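My entries follow the structure.

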Amino acid sequence: MQAITQQIEELSKYSGTAITSSAESSLPFIPGPIGTHITLRHITKYFAGQPLYQDFNLDIAKGKITSVFGPNGCGKSTMINLIAGLIPIDAGEILFDGKSLRDTKIGYVFQNYRDALFPWMKAIDNIRYPLKLTGTPKAKIDQRIDELMALFEIKFDLSRYPYELSGGQQQTVSIMRALAPAPEVLFLDEPFSALDYEMTLLIRDKLQDIFMATQVTIVLVSHDLEEAVYLSDRVLLLTKRPTRVAELVSFDVARPRTLATLSDPEFIKTKARSLQIFQQEVHR
Amino acid sequence: MGRLSGKSLVPAIGPIVLFAVWYFVVAAGIVNPVLLPGPGDTLAHLYTIVASGSLLVDLLATARRTVEAFLIAAAIGVPLGVALGSSRPVYRSVEFLIDFFRSTPSSALIPLFLMIFGITDMNKVAIAAFAAVLVILFNSAYGVMNARKQRIMAAKVMGASRFQIFRHVMLLESLPQTFVGLRSGVSMALVIVVVAEMFIGSEQGIGHRIIDAQQVLNVKDMYSSILAAGVLGYAFNVLFMLVEGRLVHWSGK
């Protein structure tokens, strides 16, 4: 385990160096270490003529929660949008277990649930929508809805329209919709930042329960370091632009993590270390 | 209890004040009664022409022309607007034409339409439809163009094809704005139909009735007909609000 983590860190450190960029054309695709789900190789993305990512390499672990954290404007959300195919990459390759995005089922949860859910559909039809797109038979869809309702322990009425639900309920519906097709990867872009604190705690723990039940690979953008460490197995710390991996910090405390985790020495150590790296990068 | 019933009377204050001022102005002899009869006389006359059915004939003729013009305009304006709006470059290429003719007073085109259609019923409907179609088209196009990017992205990431995104997301996203266009369109159609009835020879219609009454100084009939035209316009508005509330229930939420 330790070896794998080290390997990941090694690889990430190489990103942006001359060695990898010159190797780009001559070397074949280098797979990530065992346990890798998503591999980013030689990713380049320009914004307004300026490089945001240049020859960026990363391995994202399978069946783990990886949080993305970094200074303002370093492209945290851009990174998951590039991986999820919402923004085209200028150069490079992204593979999911060796497959392209086209052959991969993904789920995506937006920060702003209000603009992501379809207000003309009832909550339950929002959740059904991705299944209908793939032509899933009605009986199968109903069965999947029942599973999700049990998994999320839904206690509110899903036959209401999104605007009739509270913010927390709407974001819960968004997460259910993203999980409905049983995706291989679930992306969440600052999913809690539009919620009040009470709801944040509740849905954060719900997300952990669901992760423990499904072991789906999760990539989550966070603007809260404590939250990032608390939820994650890996915290991906990014530099200022042009963005590189500052460090991929592991946090392997057993789940379920609870309030007690927040005072666990390992948690405090990991958070302090991440904060130190973050501050170095901000002041660089 | 008392406060509740008091509150529900608030919207009635405006009309009551209007009628009170009207009554006072006539009773005090400030305005020549030949130009402005009192509200009591006017309402009594309105009752008479409603009861005799003569007003209804004109009102129905105007309503029928307005509805016809509106239906033609909607049938052309909505699909065309949605189609143009779904491609920004295409919309940009015709934007000037749309804005130009939208800004041109449609009544200025009445003589032109007279040359094309002659003094027919079709003429009134055609010019009203022309006036309404641009407002409807413009709003539908903007509704599609301003569809929230994030909803489109949400559909895309769930694997929707371009056509599915258009049908399931953009079309519905545009509906609130489309309804704004439809509501303005029907008001516009009514305005033009009434003007056309005044100046393009017709046998029936509220515009025709108003100008006839004015010509023979039958002011009671003129005011009654104006009030009736107002009621018709208001009824269209209320009808649209009701349909909109049901169909675009998420609008503004």
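I looked up A:D97 and found A:D97 in the loop between β4 (91-96) and β5 (106-109) of chain A. Helices (H or I, at least four residues) and strands (E, at least two) are DSSP runs, numbered from the N terminus. A:D97 is not a glycine, yet its phi is positive, at about 50°. I then checked its cover: A:D97 is partly exposed, with a relative accessible area of 40%. For that term I use under 20% relative accessible area as buried, over 50% as exposed and partly exposed in between, with a 1.4 Å probe and protein chains only.

I note the ground rules here. This is a predicted model, in which local features need pLDDT of at least 70 and side-chain atom pairs count only at pLDDT 80 or more, while totals for chains, interfaces and linings use all residues. Residues are numbered from 1 along each chain as its sequence is written, chains are lettered from A and ligands numbered from 1 in the order in which they are written, and side-chain values use heavy atoms, with hydrogens and water left out.

Chain B gave me another positive phi. B:L217, a residue other than glycine, has phi near 55°. I place B:L217 in the loop between α10 (206-215) and α11 (219-247) of chain B. B:L217 is exposed, with a relative accessible area of 55%.

Next I looked for cis peptide bonds. One joins A:R241 and A:P242, with omega about -5°. A:P242 sits in the loop between β8 (234-238) and β9 (245-250) of chain A. I also found a cis bond from A:R255 to A:P256, with omega near 0°. The loop that holds A:P256 runs between β9 and α9 (265-283) of chain A.

I turned to chain A as a whole. I count 9 helices and 9 strands in chain A. How does its radius of gyration stand against that of a compact globule? Chain A has 19 Å, and this agrees with the value near 19 Å for a compact globule of 284 residues. The radius is taken over C-alpha atoms, and the globule rule is 2.2 Å times the number of residues to the power 0.38. The C-alpha atoms fill a box of roughly 55 × 45 × 35 Å along the principal axes.

Of the 284 residues in chain A, 54% are buried. Among contacts (heavy atoms within 4.5 Å) with a separation of 6 or more in chain A, 69% come from residues 24 or more positions apart.
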